[in-house]
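Please take a look at the structure, and then we can walk through it together.

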Amino acid sequence: MTNYLYIDRPFRLESGTTLPRLTAAYHTYGRLNAARDNVIWICHALTANSDCQDWWPGLVGPGCTIDPGRFFIVCVNMLGSSYGSTSPLSHNPETGRTYGLDFPLITTKDNARFFSLVADHLGVRGIRLLMGGSMGGQHSLEWACAEPERFDLLCVLATNARHSPWGVAFNESQRMALRADPTLGTDAPDAGKAGLEAARAIAILSYRHYRTYAGTQSEPDDATYDDFRASSYQRYQGYKLWKRFDPVCYYGLSRGMDTHNVGRGRGGVARALSAVTAPTLVISIDTDLLFPIEEQGILSRYIPNSRLEVMHSDYGHDGFLTESVKIGEFLADFLNDQLRIDATTKRAFTDGLTGRKFAVPGSEEV
């Protein structure tokens, strides 16, 4: 069930604009323990919602690595999204209408500050593990740079320290498709539909891989010369997003992703990442076209206590969603290792975790 937190005070954005009040839509699973130290905070990706148990099955849920029977799991819908937090769909007190295209730019830094504010309101100060993939990984890194003392551990997947020119180009191409639809931001019944469908068709090319299409969209024989399966698939992906997501929100969120740069105002990326104190697991996908391995390599190089794991997937960037079992294994091993390293405090990072059997250093056993 979605919960809502209403924060009735102004929130100043990085751009200098102020939102007069905030709404945070969020999900929690499990219970906060008496010591208040069993919190796992998950940051969702671009078009996901705060119900991480729904979109990350096999990783989050009973019997999974992130088990609500052991942990208090929190996921908050980012600002600007379609799923309940303050966004272009919210009431603008200055006009008496929804914000629409007048909604201000929300940066990665703004969302990290928003999450921090929500955590304080929920009474969550220390967070055992902060985790996110793609745009959720960008938010996680920004928050970990801003408040390193709040987090015990960090795990980021298929993400980067600064959004690349390649990523910005993909996003701008999508916004060009959205702006080419004259109904975007109007009161038309299907406002922005054609633009959003075209934008999503562009995006899916960056989320998947050549092998994804070869394996799932190839023609069964040589007789086809029109209406290819891959063509139908692109139209379907566009329509599917239109059914669940607002075009204006999508437009704004893509701009927000482009603002991501942990080095802004901190003396550069290397200096910003060096401030992260949490032991960090960085997971890369070998077929990721949008966030290639070298970007996760930068994270691992400059975050002081980090490890890089490269995961194989035929699904490209979307492997951070589809390969939940593999991710759970990497995460469980990482946490088991942290328990070993943290033996002086005996902190039980891994109580109840599932995953691969961890090899004792120097042992050939698996």
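Two residues count as being in contact when they have heavy atoms within 4.5 Å. This is a predicted model, in which local features need pLDDT of at least 70 and side-chain atom pairs count only at pLDDT 80 or more, while totals for chains, interfaces and linings use all residues. Residues are numbered from 1 along each chain as its sequence is written, and side-chain values use heavy atoms, with hydrogens and water left out.

**Annotated features**

- UniProt, in an unreviewed entry, marks Arg200 and Asp318 as "binding site"; its positions follow the numbering used here, feature names are shortened, and annotations may be inferred rather than shown by experiment.
- The two residues span 119 residues in sequence, yet no two of their C-alpha atoms are more than 13.8 Å apart, so they gather at one spot.
- Arg200 and Asp318 both belong to the lining of the largest pocket (a pocket is an open set of points on a 1 Å grid over the protein atoms alone, where a 1.4 Å probe fits, with protein on both sides within 12 Å along at least five of seven lines; lining residues have an atom within 4 Å of a point).
- The unreviewed UniProt entry also lists residues 39-323 as "domain: AB hydrolase-1".
- Over residues 39-323 the chain is 40% helix and 14% strand, with its end C-alpha atoms 23 Å apart (helices, H or I with at least four residues, and strands, E with at least two, are DSSP runs numbered from the N terminus).

**Around Arg200**

- Arg200 sits in helix H5, residues 193-207, and is buried at a relative accessible area of 10% (buried means under 20%, exposed over 50%, partly exposed in between, with a 1.4 Å probe and protein chains only).
- Beyond its neighbours within four places in sequence, Arg200 is in contact with Thr47, Tyr207, Gln237, Gly238, Leu241, Arg244 and Tyr250.

**Around Asp318**

- Asp318 lies in the loop between strand S12 (306-311) and helix H11 (319-322), and counts as buried at 12% relative accessibility.
- Apart from neighbours within four places in sequence, Asp318 is in contact with Ile204, Tyr207 and Arg208.
- The side chains of Asp318 and Arg208 are joined by a polar contact of 2.8 Å (a pair of N or O atoms within 3.5 Å; within protein, one must be able to donate a hydrogen and the other to accept it, and residues adjacent in sequence count only if both atoms are side-chain atoms).

**Around Asn171**

- Asn171 is found in helix H4, residues 165-179, and is buried, with a relative accessible area of 7%.
- A polar contact of 2.7 Å links the side chains of Asn171 and Asp258.
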